[in-house]
Amino acid sequence: MVTFIISVVLLVLGYWLYSKVIERVIGVDPQRETPAVVHPDGVDYVPMKPWRIFLIQFLNIAGVGPIIGAVMGAQFGTASFLWIVFGCIFAGAVHDFIAGFISIRQDGASLPEIHGKYLGNGMKQFMRGFTVVLMILVGAVFVNTPATLLTQDIFVPEGLRHLDHNVIQYFWVILIFIYYLLATMLPIDKIIGKIYPIFGILLLAMAVALVVAFVAYQVPLREVWEGLENSHPKAETNPIFPMMFISIACGAISGFHATQSPLMARCMVNEKQARPIFYGAMIAEGIVALIWAAAAAYFFHDHPELCLGKSGAAMVGVIANEWFPSIIAFITILGVVSAAVTSGDTALRSARLIVADFMHVDQKPVVKRLLVALPVFVLAAALLVFSLANPAGFDYIWRYFSWANQVLAMVTLWAVTVFLSRLKKGGWYWITLVPALFMSMVTISFLLVAQKEGLGSVLPHTVGYAIAAAITIALGVLFFARRKK
């Protein structure tokens, strides 16, 4: 419990201290007009109150990442706590804050447009396609997870429990997809702006309920000094580096977050709101991830018989049903469902905006919004059908979503590093250069070390790590060479 308490304190201190340093470095100007003030359009550029934007941003970036990802990452042991804390403070929150701030300064620009400005036109064109594909993956993943959770008996009336599991699951899939289409098409303040704050409070309440369970049951949470060894049941094929850093994404750093920031950058009325909304929401997510990781680590270590063969989503049900009365378990799982649904819809909304930006399609007319959104939904639906029809389909999509997510974070870190370098404020670009180099090593190593997703079955790990290190060093050399020019 001591490690857990210290970790929460460090996350809070990271917000109160380190975020202010970042704010001064990037030059936040409270007198400068924001995109929402300059040209509100009633659809995407809609001024909203700061507390509402914070809760929307929190739900946008949270999804099931800080829950499912943290639960899966907890299998690696207490090392997961360190990654959540230090990754969140020095990488994830900085990544979200600066990317969001750049979007504000560039008229609410989508993420690929930011990549293009700082990494060149070739990277912009590539990241346009890459980011849209990732958003479609997110849409598919975040339909599958809540639909699966909602098939549990606790959500199915007793008179309908005789129905085939797949029938119930497809019912929820169709219902969630209809909601996604509405949330993607309608002005941001009509659905998202109204229901997200409620779901945000639910997600936070769920995390508080877990902390109460820690105290009430006197849960013996593991401490860092008990050892950082890899406790993954398949440790030989899942080394902590890079696998843990891919599994725990949203709770530490996630490229998906930077795709969501432009949505909120188009709703802020003052640049001073950027620090609490972008950096603060990431810290809040880090705390949620830490709570779920601590809970999962307890079950993996002390009750492995309850965890055998369980997916991340299934483990949420195990934790909720073991610790809480039925009504609290119901609310807890519902909180996870809402977290997934409220990231899936904004992912597809982001895809619509990215496509509209590079095709220069005015999004005020509803017909044009529909023309842009429909192809995105068709592709997401095709992926979803694949994941439901194939027993291993969801796991396959999730693995590549996780890796693509961290690749996007890596590219964004390089973009914000160039931004900081151009500010000409001494060596402050190092605050993102170090995370950029680290995430480059993580993502490249994954492709060379992972058994199923990469070349780990044919390359010795030492060779894979050596190649990844050489490429990472080359990226660093390239940065400094270009910086001189």
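This is a predicted model: local features need pLDDT of at least 70, side-chain atom pairs count only at pLDDT 80 or more; totals for chains, interfaces and linings use all residues.
A residue counts as buried when its relative accessible area is under 20%. I begin with that cut-off because Phe-245, at 10% relative accessibility, falls under it and is therefore buried.

Let me start with a helix pair. Two packed helices are described by the angle between their axes and the distance between the axes. In this model, helix α4, residues 65–73, and helix α12, residues 274–302, have axes that come within 8 Å and cross at roughly 35°. The crossing of α4 and α12 is right-handed. Which residues of α4 meet α12? They are Pro-66, Ile-67, Ala-70 and Val-71. On the α12 side, the partners are Glu-285, Val-288, Ala-289, Trp-292, Ala-293, Ala-296 and Phe-300. Sorted by class, this contact of α4 with α12 comprises 10 nonpolar residues, no polar residues and 1 charged residue.

I turn now to the aromatic residues. How many aromatic pairs does a search of the whole structure find? The search gives 31. One of these is formed by Trp-83 and Phe-245, in an edge-to-face arrangement, with 4.7 Å from centre to centre and 70° between the planes. Trp-83 belongs to helix α5, residues 79–105, and Phe-245 to helix α10, residues 240–247, so this pair ties together parts that lie 162 residues apart in sequence. Trp-83 has a relative accessibility of 8% and is buried, and Phe-245, at 10%, is buried as well.

Trp-430 and Phe-480 also form an aromatic pair, here a tilted one, with 5.7 Å between centres and 40° between planes. Trp-430 lies in helix α17, residues 430–449, and Phe-480 lies in helix α18, residues 461–484, so the pair links parts 50 residues apart in sequence.

Finally, I draw your attention to Glu-23, in helix α1, residues 2–26. Is this glutamate buried or exposed? With a relative accessibility of 12%, Glu-23 counts as buried. Leaving aside residues up to four places away in sequence, Glu-23 touches Val-28, Phe-97, Lys-272 and Arg-275.

Definitions and conventions: Residues are numbered from 1 along each chain as its sequence is written. Side-chain values use heavy atoms; hydrogens and water are left out. Axes are lines fitted to C-alpha atoms, for helices over the stretch in contact, and angles run from 0 to 180 degrees between N-to-C directions. Helices (H or I, at least four residues) and strands (E, at least two) are DSSP runs, numbered from the N terminus. A crossing is left-handed if the near helix is turned anticlockwise from the far one by less than a right angle, and right-handed if clockwise. Contact means heavy atoms within 4.5 Å. Ala, Val, Leu, Ile, Met, Phe, Trp, Tyr, Cys and Pro count as nonpolar, Asp, Glu, Lys and Arg as charged, and the others, Gly among them, as polar. Rings of Phe, Tyr and Trp (its six-membered ring) pair if their centres lie within 6.5 Å; planes under 30 degrees apart count as stacked, over 60 as edge-to-face and the rest as tilted. Buried means under 20% relative accessible area, exposed over 50%, partly exposed in between (1.4 Å probe, protein chains only).
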